[in-house]
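Colleague: I should like to learn how to read the features of a structure such as this one. May we go through them in turn?

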Amino acid sequence: MSEEELKQFNSLSLAEEATMGKSNEVNNEPNVKEQTSVKPSNQLEGGLLGWYAACSSRDIKEGKLHNFSMYNEPLVLYRDKDSNVRCIKDLCPHRGASFIGGELKEGELVCPYHGARFSSKGECTNLDRLTCSHIVESNYDNYAKKIHLSQYPCVEKDGYIYIYYTGKAKTDLSDFDISSPLENTLIETYGYKTKEYEYEEVTVDFKADWVRIVENHLDILHIFWVHGGTIPDKDVSRNVITSFNQAITRESRQIQSKYNHKDKSKGEFITVKFLPPGRVIIYKGDEETSRYVQVLDHIPLAENRARVIVRHYRRFMKNKIFTNIFLFRNLQHRVFYKVFSEDYIILKTQSFNQQMGYVEKDNVKLLGEDKMVQYYWDWLQNALIKDKPWELHPTNAHTNTVHKDMPMLYPPENPRLAIKNKRDLAINLAIRLLIPIGMILLII
Ligand code: FES
Ligand SMILES: [Fe+2]
């Protein structure tokens, strides 16, 4: 999304803000005192550049390259010889080939074009393979040192691969000035005791504007209407009145909205947190004791391409034997895949409407329950102006789409995994039914 489009959307949002109230602790009743207020200051510290959970640890297998991109910039993740994860720019410094189709030999990356091989630090370890050694020897400083990979800082923690994305990969990792600490992104920092939970997760890919997807996950209203028939909760259905009292807070590290039922005896429905740049946490109750915690990480692959990692931590169904017997994992994945497919056509067409400039003042109206989205947009506007992430690796209509389309690995864009999950579920259910039938037949 361009800055101009964003400004247009925001001018609409700001006009609406006056009718929604804007103090740090609010209900969705209009706040008469504050109706004349101007745009609130951006209180979140983090911008769009910084730590992203770029993929799940389980996706980075020894000896395999994991291609993806961020803000149009093609990147590769892999495990080096010590199993540490590396995030490198997908550009061979010899003649500019991509590492797609390259290989890993003893944890060293090998280019598919002329076989340049790179150590974990990024140095070329077989320069003699690429050039006449007398040239290298006489011009080492000018020539050989330039054959060096560019990388981003990368940390593996709690089953996630975090990368510190700045848009400017460097040959020496110690040259990065890491201004936003990784702690601000970690779930534990906010009091969740995730080590006490089990979790299931899936990764999903969308051909849609990543902002629309984050917004979708901050939007409580649509859950009832779009996912009412899929989410296994009797209180989530099209027939439930979808209006809540909201308590919204904006702090330096998070925006949080607690949704309480209007019927006070029912208490809290859900709490949603946004941690910049791309993490959304959904839970109920206290952070420390919540029965479940859902963590959604949003990765801006390219314009109109985004990836989401959704992880559902739970305190229930922790017993591995039980979860196996009840096929809990497959069932959970089926819910995830279905929920994301339900959103997909909306997100794609909504992205189109945004790109075409249809989502402008007077065409759309934010409601009280959209306040979380409003606050997100406040942050986003400032962050886009400050960081300009889409200007770091701009593409145009003539750019070929090889990198854009390649990472679309997961459902709903690529339904292969969802189909496999469904098939596994059907086969396992059949086996569970056939075993007792077989035993009865044997006894007879
Ligand atoms: S382009 Fe990579 S080795 Fe030549
Ligand atoms: Fe949704």
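Modeller: Let us begin with a hairpin. Strands β9 and β10 form one, with 2 residues between them, and Asp-158 in the turn has a positive phi of about 50 degrees. Before we continue, please note that this is a predicted model, in which local features need pLDDT of at least 70 and side-chain atom pairs count only at pLDDT 80 or more, while totals for chains, interfaces and linings use all residues. Residues are numbered from 1 along each chain as its sequence is written, chains are lettered from A and ligands numbered from 1 in the order in which they are written, and side-chain values use heavy atoms, with hydrogens and water left out.

Colleague: In what sense do β9 and β10 pair, and over how many bridges?

Modeller: Strands of a sheet pair through backbone hydrogen bonds, either parallel or antiparallel. Helices (H or I, at least four residues) and strands (E, at least two) are DSSP runs, numbered from the N terminus, and two strands pair if DSSP finds at least two bridges between them. Here β9 (residues 154-157) and β10 (residues 160-165) pair in the antiparallel sense over 4 bridges. Lys-157 stands opposite Tyr-160 in β10.

Colleague: Which residue of β10 is the bridge partner of Tyr-52?

Modeller: The partner is Ile-163. Strand β1 pairs with β10 in the antiparallel sense over 6 bridges. As for cover, a residue is buried under 20% relative accessible area, exposed over 50% and partly exposed in between (1.4 Å probe, protein chains only). In β1 (residues 50-56), 7 of its 7 residues are buried.

Colleague: How should I read the order of strands in the open sheet?

Modeller: The order lists the strands as they lie in the sheet: the open sheet of 4 strands has the order β2-β3-β4-β8, with antiparallel pairing. Because β2 (66-70) and β8 (151-152) stand at the edges, each has a single partner strand, and one side of each is left without a neighbour in the sheet. Strand β4 (residues 85-89) is joined to β8 by 2 bridges, and Cys-87 stands opposite Tyr-152 in β8.

Colleague: Is Leu-77 buried or exposed?

Modeller: Leu-77 counts as buried because its relative accessible area is 0%. Leu-77 lies in strand β3 (residues 73-79). Leu-77 and Asp-59 are 18 residues apart in sequence, and their C-alpha atoms are 9.6 Å apart in space.

Colleague: How many salt bridges does a search of the whole structure find?

Modeller: A salt bridge is a side-chain nitrogen of Lys or Arg within 4 Å of a carboxyl oxygen of Asp or Glu. The search finds 26. Arg-329 forms one with Glu-200, where the closest N and O atoms are 3.1 Å apart. This pair links distant parts of the chain, with Arg-329 in helix α7 and Glu-200 in strand β11 (residues 198-206), 129 residues apart. Arg-329 is partly exposed at 43% relative accessibility, whereas Glu-200 is buried at 7%.

Colleague: Which side chain meets that of Glu-268 in a salt bridge?

Modeller: Lys-258 does, at 3.6 Å from N to O. Glu-268 lies in strand β14 (residues 268-275) and Lys-258 in strand β13 (residues 255-261), so the pair ties together parts that are 10 residues apart in sequence. Glu-268 is buried, with a relative accessible area of 15%, and Lys-258 is partly exposed at 24%. In another case, Lys-273 forms a salt bridge with Glu-287, the closest N and O atoms being 2.9 Å apart. Here Lys-273 is in strand β14 and Glu-287 in the loop between β15 (279-283) and β16 (292-302), 14 residues apart. Lys-273 is buried, with a relative accessible area of 1%. Salt bridges may also form a network, as they do in linking Arg-58, Glu-201 and Arg-311.

Colleague: What span should helix α7 have, and how far apart are its end C-alpha atoms?

Modeller: The expected span of a helix is 1.5 Å times one less than its number of residues. The 28 residues of α7 (residues 328-355) should therefore span 40 Å, and the end C-alpha atoms are 40 Å apart, which agrees. A bend at a residue is the angle between axes fitted to the seven residues ending there and the seven starting there; α7 bends by about 35 degrees at Tyr-344. After α7 comes Gly-357, whose phi is positive, near 80 degrees.
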